[in-house]
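This report looks at how the chains of one model meet and at a few residues inside them.

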Amino acid sequence: MRYLRVFLAVLKMQTKISFSRNLFKFSVLIMPIFFSTLLYFVYDKASNSSSSYIMLGSAVASLWGVTCYSSAIEIERERISGTLESVSMTPIGFEFIIFSKIIANTVIGLISFGVTLVYSSLILQISLPVYSYRQFVLWFLILLFSFISMSFLLATLLTLSGNAFAWMSTVQYPIYFLSGMLFPVKILPKWVQYISSVIPIRWSMESLMKIVSGMPNSSIIPNLISIILSLLYLALAHYSFRIIEIKRRKEGTLGGF
Amino acid sequence: MRRIAAFLRNSWLAFKGVSLWLNPQAYLTEKIVNPMFRLLFYAFLLAYGYKTMENATVYIFANAMLLSTISAFNGVGIIYFSERHQGTLIYTIMTPKSKFVVIFQKVLFHILDALITVTIGMLLAVVIFNFKFAGNIYAALLLISILGTVSVSAFGIFVSSFGLLTRDINMLLSIAESVVFLFSGANFPIKRLPFGLGFVSQILPLSHTVLAIRSVVRGNIWSGLKLSYMEIVVGLVYFVLSFFFIRFLEHQARVQGNSDLY
Amino acid sequence: MNVAIDIHELRRDYVIRSILSNKIKRVVKALNGISFKVKKGEIFGILGPNGAGKTTTVKILSTLLLPTSGTAKVLGYDVEKHPIEIRKRINLVMGGERNLYQRLSTLENMEYFAELYDVPLKIRKKRIYDLLELAGLQEERWRDKVETYSKGMKQRLQIARGLINDPDFLFLDEPTIGLDPIGARELRNIVKKLKRMGKTIIFTTHYMQEADELCDRIAILDKGRIITIGTPTDLKKMHTEKFQIELILSFITHEHIERLQNLKYVNHMRTKELEKNIHLFIDTQACSEAVESVFNVLHGIPIQDVSIKKSTLEDVYVKLLGGEHNQS
Ligand SMILES: Nc1ncnc2c1ncn2[C@@H]1O[C@H](COP(=O)(O)OP(=O)(O)OP(=O)(O)O)[C@@H](O)[C@H]1O
Ligand SMILES: [Mg+2]
């Protein structure tokens, strides 16, 4: 119950803070438009998968941008204002607070989905055939889960690094092309495909693409892989937070390496 | 002679005072690693969009150049923001020196810095994608990219000057960057843009550079250089505009009184 | 001409707009029509509570802000019409750790600003060295980045920077904020030195002692208006009694209090109970007469402690701005 209260408090605060940040508004409102416009003009409009990428892919890609940005700024802001340490000393714990913030940011980031849908269907006049809405929504939730697990792990990395923002962009772009958001993973060189197969988003993305192209049955296995990987990531992140905690006690600093 | 040395020295200090990338690790990340990932991303996207690597080649190469020239844009774009952040903006306003010189000194080294990035970008593109051109084509491409860098930096000053009024320059820079990127024609032919939006791309920087690059890559060096000449005109217009604009915004800053908020 | 600054009916409003609609949310009247003059070579102090309008005044005079109405002339030039002429002859130092290029060293900062003010190349180096010495910045740190400095060092560098164009007129906005007592004293000595060099200085501070020690004249501002203006001595004379006698007694009766209040030399009296003792505060112009008559009245009451204090600028400040008025 207490956790739920904290979570709701975080969600409320986060919504306020996020929208006072212009870069956040940019990631949520402009980036999706940028991606769908770019894809619209580059991709062949006749093919069905193009329109899925223009609509769905752009939305997912912007959500990833929002996620990266929010994780980085959360950590950097606490570090700059010197609250990173005081937050980590509260009884509820740094880990839980960061986790709540990430969920909150992901939920708020869903706005970019709305933006993409409206923009692509009204302005670009593209339609997305969804064969099974119920399944789509379910798979979509699994995608969100994979997002949350990845940004949770990302947050630990950013906490440990000295400059979260530099690292943020270093992580952001590879994930764009490794996870098949805007084009299929198949076109990557083989050895790069191996790397991308450990990324949960990649599998969730594959199942979603299958649903919109009318192959709901073959979408189950990738989703299972996504869930398993996401759980692994969460465990890894949890373990990393332990290490951070110990490091903090030992060295009395979270200032980075 | 001493005058020139002092001028250069000062331009260097102006750069050093606001540049974010003086630590070598951050510089490498910002100048090589991140552009490389971005380039890879766009290259794959284009390769998928244009079906074959042959179709995509010109676009990929233009993108490589574009990404690196845009780093000049971001470098310049952050100037007034950084001055505001450090509280030195008030002295930029208070100086009795000619604004023209002040602005020029501020951007000079950003442009030089960007030239390094452009060279690196070109090398990366050549190495990763195995482009093979004749020597004079490389030379022409480098020259065109340099001119493009100068022009986009002038545009950068223009956008940056909004930093005199607002502390939210980052958003503005990102939007401007996306717009330049979309309208440059580096990813798809400008002809595909509907309702005369092609005109917008004419008055934005880099669109002529992209055309020039494309024509040089196809072997038409001279027509490429001619197109580049238009790019310089665009850049010049932005530089002159920025000059008047900055004077106007400085006045505006005195009216609003927010030059030392951060 | 002997007037360095001439301000007449100066007003300044800040308009705060809503971010979304750009509608005017609030208009803050930071200056409500102030007028004063500052003579050349004077150190002029501006005091007042937070938000009184001190920084606003300084910014207008240093051409960073435009007045909403009224006129302000610096060294004969109007701030609206001839900012460049003014800028050549003035400089501004803001207290605090900002306003410097953090990634540059002391020498580099100085060099940069020397260029912004077109200090002739020939004398540039010597001037920089002289100023850094004047500001008392240790030479072995001159080549370190500013971000590695302590507050006091940054403050010193700011002073040196503020003198780079050899200004006739220097504005110091809370220059001693956050300095340790010795640092603050050294800074005061620098300011005195500057005065001896013939510079005119406008100075804002929250430290009354400092203002008392340094300023030739003082203006006290509140809510954008000048409450009083004059030399520290005049202000003390005008607004307070000269002395305050404090007596600590174990007890006192109403009758005694009444008799004390009726004494000729007692201008004002206050009592306060502290730790079971009674404290009496008596303001007076004539110290010895007052002490004598008070002791006569208190005959028989054990007096635990007596102290006599000359009134200070702080008393003036507190009297004028009252106790209710600590922040705004
Ligand atoms: N940029 C601004 N926008 C809106 N209001 C402002 C701005 N700057 C100052 N103000 C307001 O103007 C009034 C005067 O501010 P000013 O900074 O001049 O006070 P001050 O006397 O220097 O105070 P302090 O002692 O705290 O430095 C205050 O009410 C302040 O809130
Ligand atoms: Mg102030």
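This is a predicted model: local features need pLDDT of at least 70, side-chain atom pairs count only at pLDDT 80 or more; totals for chains, interfaces and linings use all residues.

**Chain contacts**

Two pairs of chains are in contact, and chains B and C share the most contacts. Chain A and chain C are not joined by any contact; their closest C-alpha atoms lie 10 Å apart.

Between chain A and chain B, 30 residues of chain A are in contact with 29 residues of chain B. About 2,700 Å² is buried between chain A and chain B, with 78% of it on carbon and sulfur atoms. Of the area that chain A buries against chain B, 25% comes from A:Phe41, A:Val42 and A:Tyr173, more than from any other three residues. There are zero salt bridges between chain A and chain B, and two residue pairs are in polar contact, both at pLDDT 80 or more. On the side of chain A that touches chain B, α2 (22-42), α3 (48-80) and α8 (164-178) of chain A each supply at least two residues. The most comes from α2(A), with twelve residues. By class, this side of chain A has 23 nonpolar, five polar and two charged residues.

**Helix α4 of chain C**

Helix α4 of chain C (residues 121-135) has 15 residues, which at 1.5 Å a residue should span 21 Å; the end C-alpha atoms are 21 Å apart, in agreement. The buried residues of α4(C) are C:Arg124, C:Arg127, C:Ile128, C:Leu131, C:Leu132, C:Leu134 and C:Ala135. Their cover includes α1 (2-18) of chain B as well as α3 (106-116), α5 (151-162) and α6 (181-196) of chain C. After α4(C) comes C:Gly136, with a positive phi near 75°.

A:Thr116 is found in helix α6 (residues 111-123) of chain A. Its relative accessibility is 1%, so A:Thr116 counts as buried. Not counting residues up to four places away in sequence, A:Thr116 touches A:Pro32, A:Ser36, A:Ile54, A:Met55, A:Ser58, A:Ala59 and A:Ser121. The side chain of A:Thr116 also reaches the backbone oxygen of A:Ser112, at 2.6 Å.

B:Glu250 lies in helix α11 (residues 221-256) of chain B. Why does B:Glu250 count as buried? The relative accessibility of B:Glu250 is 6%, and the cut-off for buried is under 20%. Leaving aside neighbours within four places in sequence, B:Glu250 is in contact with B:Thr92, B:Ile93, B:Lys99 and B:Leu164.

**Salt bridges**

Over all chains, a search of the whole structure finds 23 salt bridges.

| Residues | N to O distance |
|---|---|
| A:Glu206 and A:Arg202 | 2.7 Å |
| C:Lys39 and C:Glu42 | 3.9 Å |
| C:Glu85 and C:Lys88 | 3.7 Å |

A:Glu206 and A:Arg202 are four residues apart in helix α10 (residues 200-212) of chain A, so about one helical turn separates them. A:Glu206 is partly exposed, with a relative accessible area of 24%, whereas A:Arg202 is buried, at 11%. In the C:Lys39 pair, C:Lys39 counts as partly exposed at 43% relative accessibility, and C:Glu42 counts as buried at 6%.

C:Glu85 and C:Lys88 are three residues apart in helix α2 (residues 83-89) of chain C, which puts about one helical turn between them. C:Glu85 is partly exposed, with a relative accessible area of 25%, and C:Lys88 is partly exposed, at 42%. Elsewhere, B:Lys97, C:Glu115, C:Asp118 and C:Arg124 are joined into one network by salt bridges that share partners.

Note on methods: Residues are numbered from 1 along each chain as its sequence is written. Chains are lettered from A and ligands numbered from 1 in the order in which they are written. Side-chain values use heavy atoms; hydrogens and water are left out. Contact means heavy atoms within 4.5 Å. Buried area is the accessible area (1.4 Å probe) that two parts lose on being put together, summed over both. A salt bridge is a side-chain nitrogen of Lys or Arg within 4 Å of a carboxyl oxygen of Asp or Glu. A polar contact is a pair of N or O atoms within 3.5 Å; within protein, one must be able to donate a hydrogen and the other to accept it, and residues adjacent in sequence count only if both atoms are side-chain atoms. Ala, Val, Leu, Ile, Met, Phe, Trp, Tyr, Cys and Pro count as nonpolar, Asp, Glu, Lys and Arg as charged, and the others, Gly among them, as polar. The expected span of a helix is 1.5 Å times one less than its number of residues. Buried means under 20% relative accessible area, exposed over 50%, partly exposed in between (1.4 Å probe, protein chains only).
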